[in-house]
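Please work through the following exercises with the structure in view. Each task is followed by a solution in steps.

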Amino acid sequence: MKITATIGLGANLNDPAAQVEYALAELGRLPGTRLLRHSSLYASAPVGHVDQPDFINAVAQMETELAPRVLLAALLDIEHRHGRERSFRNAPRTLDLDLLLYGNAHFHEDGLTLPHPRMQERGFVLLPLLEIAPDAVIPGHGRAADWLAACADQNVVALLPPPAAAVNA
């Protein structure tokens with residue numbers, strides 16, 4: 001069974017824009033998976049630990065046959081290959097891949113919560129998500145667009161438009 005999964009991408013070390021672009025290409029090569037579209041790149045101020053460089057963020061949607069935990073493991077493997085180190089919460093990183101949405105799944109298990117916790121509170125998630133899915137619904141929270149006003153004080157700026165093929169796939 002194919003499910004639409006939504007992935008949040010972010011980086012702020014080692015040429016973050018290139019890290020995000022490379023990761024987008026890798027997402028499209030996962031087994032049983034097809035990249036449908038991805039957002040523009042966005043620059044955002046760090047959250048939590050603020051003494052670090054700004055982030056480059058994007059959101060991608062893909063169609064996948066992978067189960068949520070298998071997909072999450074594949075995302076963690078991509079992070080690892082990009083040199084991700086988890087030294088402390090909200091630390092600078094070469095790549096961060098978050099499984100934001102998996103169809104309409106709404107659950108919490110050890111190590112996996114869907115939808116991703118706090119995604120509705122983060123402008124760097126909502127703006128790129130709404131760019132590619134204006135009618136997106138966050139299970140248990142409602143329409144993503146309804147949460148955007150609460151993020152108005154967050155500094156998130158669109159940088160580069162995605163290639164036309166990625167948006168219209």
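**Exercise 1. What volume does the largest pocket have, and which residues are the closest to its centre?**

Solution.

Step 1. The largest pocket has a volume of about 910 Å³. A pocket is defined on a 1 Å grid over the protein atoms alone, as an open set of points with protein on both sides within 12 Å along at least five of seven lines; a cavity, by contrast, is a set of points where a 1.4 Å probe fits but cannot get out. Grid points are joined across faces, edges and corners, and the volume is the space filled by probe spheres set on the points.

Step 2. The lining of this pocket consists of 40 residues, and R93, D96, D98, H116 and R118 are the closest to the centre. A lining residue has an atom within 4 Å of a point.

Step 3. Two or more lining residues come from each of β1 (3–11), β4 (55–64), α2 (68–81), β5 (96–102), β7 (112–114) and α3 (123–132). The largest share, five residues, belongs to β5. Helices (H or I, at least four residues) and strands (E, at least two) are DSSP runs, numbered from the N terminus.

Step 4. By residue type, the lining holds 20 nonpolar, ten polar and ten charged residues. Here Ala, Val, Leu, Ile, Met, Phe, Trp, Tyr, Cys and Pro count as nonpolar, Asp, Glu, Lys and Arg as charged, and the others, Gly among them, as polar.

A note on the model: it is predicted, so local features need pLDDT of at least 70 and side-chain atom pairs count only at pLDDT 80 or more, while totals for chains, interfaces and linings use all residues. Residues are numbered from 1 along each chain as its sequence is written, and side-chain values use heavy atoms, with hydrogens and water left out.

**Exercise 2. How many helices and strands does the protein chain have, and in which order do they run?**

Solution.

Step 1. There are four helices and ten strands in the protein chain.

Step 2. Read from the N terminus, the order is β-α-β-β-β-α-β-β-β-α-β-β-β-α.

Step 3. The radius of gyration, taken over C-alpha atoms, is 15 Å for the protein chain, close to the 15 Å that the globule rule gives for 169 residues, so the chain is as compact as a globular protein of that length. The globule rule is 2.2 Å times the number of residues to the power 0.38.

Step 4. The C-alpha trace spans about 45 × 40 × 35 Å along its principal axes.

Step 5. Among contacts between residues at least 6 apart in sequence, 69% join residues at least 24 apart; contact means heavy atoms within 4.5 Å.

**Exercise 3. Are T6, L66 and R122 buried or exposed?**

Solution.

Step 1. Buried means under 20% relative accessible area, exposed over 50%, and partly exposed in between (1.4 Å probe, protein chains only). Of the 169 residues of the protein chain, 49% count as buried.

Step 2. T6, in strand β1, is buried at a relative accessible area of 2%. Beyond its neighbours within four places in sequence, T6 contacts residues including V59, D98 and L129.

Step 3. L66 lies in the loop between β4 and α2 and is buried, at 15%. Leaving aside neighbours within four places in sequence, L66 is in contact with P31, T33, L71 and Y102. The C-alpha atoms of L66 and T33 are separated by 7.4 Å, although these residues are 33 residues apart along the chain.

Step 4. R122, in the loop between β7 and α3, counts as buried at 19% relative accessibility. R122 touches V47, C151 and Q154, not counting residues up to four places away in sequence.

Step 5. In α3, eight of ten residues are buried, among them F124, L126 and I132.

**Exercise 4. Which residues does a cis peptide bond join, and where is a positive phi found?**

Solution.

Step 1. Most residues other than glycine have a negative phi, and most peptide bonds are trans.

Step 2. The cis peptide bond joins L114 and P115, with omega about -5 degrees. P115 is placed in the loop between β7 and α3.

Step 3. N14, which is not a glycine, has a positive phi of about 55 degrees. N14 lies in the loop between β1 and α1 (16–27) and is exposed, with a relative accessible area of 57%.

Step 4. R118, also not a glycine, has a positive phi of about 70 degrees. R118 is found in the loop between β7 and α3 and counts as partly exposed at 32% relative accessibility.
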